[in-house]
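Please keep the sequence and the model in view while reading.

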Amino acid sequence: MEKRDAIKFVIEALEVRSNMGYSINEILNKDGIEKLLFNTCETCSNIKCVEIDIFNYLRSKQCDMSEISFDNVMIKGLDFTGFTGVKIDPFRKNLTMCTFNGVEFIGPFYGARIDTTDFTGSKGAIIDVSKLSEKSIVNSKMSDVTFIGSFENADLFEANFKGSVGAKINPKKLLFNDGLAGTVLDGVEFTEPISNCCIDRADFTGSKNAVILADNIDSFRNIILTDAIVIGELNDKDCTGMVTDGAKFLGKLVTKEIETKKKIKRRNAYKGKHER
């Protein structure tokens, strides 16, 4: 019997028992679940792979996984929504493209990869981005995450911080100049003004201390400036799709101050030249 046919047969057999009123945990014990769910990876004998059809069937039955270990299991790309009792040690794991709704994390994220990952509905996710494998949370939804540590040299492209706590970011120390592009910054506290980086498509709603130095920003395309303070003029900027509700602008005041300083500098330079 081909593997695919065998899996289909097992699922049909489980469904017969399920239709008789038995829960999946009454039909299968711990060893039974692990035997069906995991198999040895072809490329690495030390790593277990998930049989995705079994995984999805057990998930649809809201299987209690509290006795199942995910140590040494490749879980990249899995959606745990629907399971109960899942506990994962994220140490050095590839957690990219996962959805962790209902999952409890029981260890540090040291060396883990979490790009394109959704933590909404998870518990115990305490993350120091500087300790991640690539210091990257690109395109990830960080709801229910508690941040600790530094974001220095971090890649935050299109990261969504809404629902997280503890994120304190110095935008001058991010890895790339486009480090805030596409980000949702609800709950983020900025420790320095924002300049010399791309902020296109960023949403500052709910952020704290977001002071944007407009003279050092190339464009404001599709940006939501709610709760931000913008210093400088936007006359020569691309502001296509910009939302300004709830933002504060200090352009004229600051421009006058800058011009005054320039005049004083020019006058002092002139006086110094002619006093020699």
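Two residues are said to be in contact when heavy atoms lie within 4.5 Å. The model discussed here is predicted.

By that criterion, helix α1 meets helix α4 through Arg-4, Ile-7, Val-10, Ile-11, Leu-14, Glu-15 and Ser-18 on the α1 side and through Asp-53, Ile-54 and Tyr-57 on the α4 side. Sorted by class, this contact holds six nonpolar residues, one polar residue and three charged residues. Helix α1 covers residues 3-19 and α4 covers residues 52-60; their axes are 10 Å apart and form an angle of about 15 degrees. Angles under 35 degrees count as roughly parallel, and α1 and α4 are therefore described as roughly parallel to each other. Their crossing is right-handed.

Helix α4 also packs with helix α3, residues 30-37, where the two axes come within 8 Å and cross at roughly 135 degrees. The helices α3 and α4 are therefore oblique to each other. Here Ile-33, Leu-36 and Leu-37 of α3 touch Ile-54, Phe-55 and Leu-58 of α4. The contact of α3 with α4 comprises six nonpolar residues, with no polar and no charged ones. Ile-54 takes part in the contact with α1 and in the contact with α3.

How values were computed
Residues numbered from 1 in each chain as written. Predicted model: local features only at pLDDT ≥ 70, side-chain atom pairs only at ≥ 80, totals over all residues. Heavy atoms only, no water. Axes fitted to C-alpha atoms, helices over the stretch in contact; angles between N-to-C directions. Helix = DSSP H or I, 4+ residues; strand = E, 2+ residues; numbered from the N terminus. Parallel < 35°, antiparallel > 145°, perpendicular 65-115°, else oblique. Left-handed = near helix turned anticlockwise from the far one by under 90°. Nonpolar A, V, L, I, M, F, W, Y, C, P; charged D, E, K, R; others polar.
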